[in-house]
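Thank you all for making the time this morning. I would like to walk you through one structure, beginning with the overall picture and ending with two places that deserve a careful look.

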Amino acid sequence: MTTGLCELVLKGVWTTVQLLVFSALLAAAVSFVVGVARTHRLWIVRFLAGFYTEVFRGTSALIMIFWVYFVLPISFGWQLVPMWAGTLALGLTYGAYGSEIVRGALSAVDPAQKEGGIALSFTPWQRLRLILLPQAVPEMIPPFSNLLIELLKGTALVSIIGMSDLAFSGNLVRLALQESQEIYTYLLVIYFVIAFALTRLMRGLEKKLKSGVGKEPERGVTAHELKRAETTGVGGGVA
């Protein structure tokens, strides 16, 4: 492989990492806002949050990318560059999955903890910030780790709108060299290396957060974790 083709692949890796970071930040914000809204005492708030989750969870991420990139400019006059179109579509879609993780973790907190906050005359915001989130967030990390890996794999979808991510750059190199076997094998290895680094990073974050509340991270995938993945749909194909 020539130096120019290597630089093309490296630019694709950098674009994929940028898209992953931006999409993950948007998905995390959406996850917490919608997830908390789904536990709100007002039914209209819960209904709107549930409606958002069902719409974005029930539609294809690939079609959502097409809609944001091609339909949004016609409907609203906003032409987004491929990076922001991909970020918006992926962040909103995976945020819907993440909101179920947040809702499930908040609901799993011992009711006695919530009652204790009420007895101390805490406001709903104080109960959320001081009691619920410190205990729920460490439990969210394993399913969020799975969702982050799914998001990494989902970034390859943006190549369909001409964005020069890793998949798009790899395909250009394949066409130039006419070596499908080697190029696609390299791409698989690169995606695996990024995913493995993310797994280690999330594992370290889980360990740090659980040590902060006096817990030890569980080793391996537990039955409870598998049950939660089945409930939230995390771990399955999104596209």
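Of the contacts in the protein chain with a separation of 6 or more, 74% are between residues 24 or more positions apart, where contact means heavy atoms within 4.5 Å. Please keep in mind that this is a predicted model, in which local features need pLDDT of at least 70 and side-chain atom pairs count only at pLDDT 80 or more, while totals for chains, interfaces and linings use all residues. Residues are numbered from 1 along each chain as its sequence is written, and side-chain values use heavy atoms, with hydrogens and water left out.

The protein chain has nine helices and zero strands, taken as DSSP runs (helices H or I, at least four residues; strands E, at least two) and numbered from the N terminus. Of its 239 residues, 39% count as buried, meaning under 20% relative accessible area with a 1.4 Å probe and protein chains only, whereas exposed means over 50% and partly exposed lies in between.

Which side chain of opposite charge is nearest to Asp165? That is Arg174, 13 Å away, and Asp165 is buried yet has no salt bridge, a term that stands for a side-chain nitrogen of Lys or Arg within 4 Å of a carboxyl oxygen of Asp or Glu; in counting charges, Lys and Arg are positive, Asp and Glu negative, and His and the chain ends are not counted. Leaving aside neighbours within four places in sequence, Asp165 is in contact with residues including Gly12, Thr155 and Tyr191.
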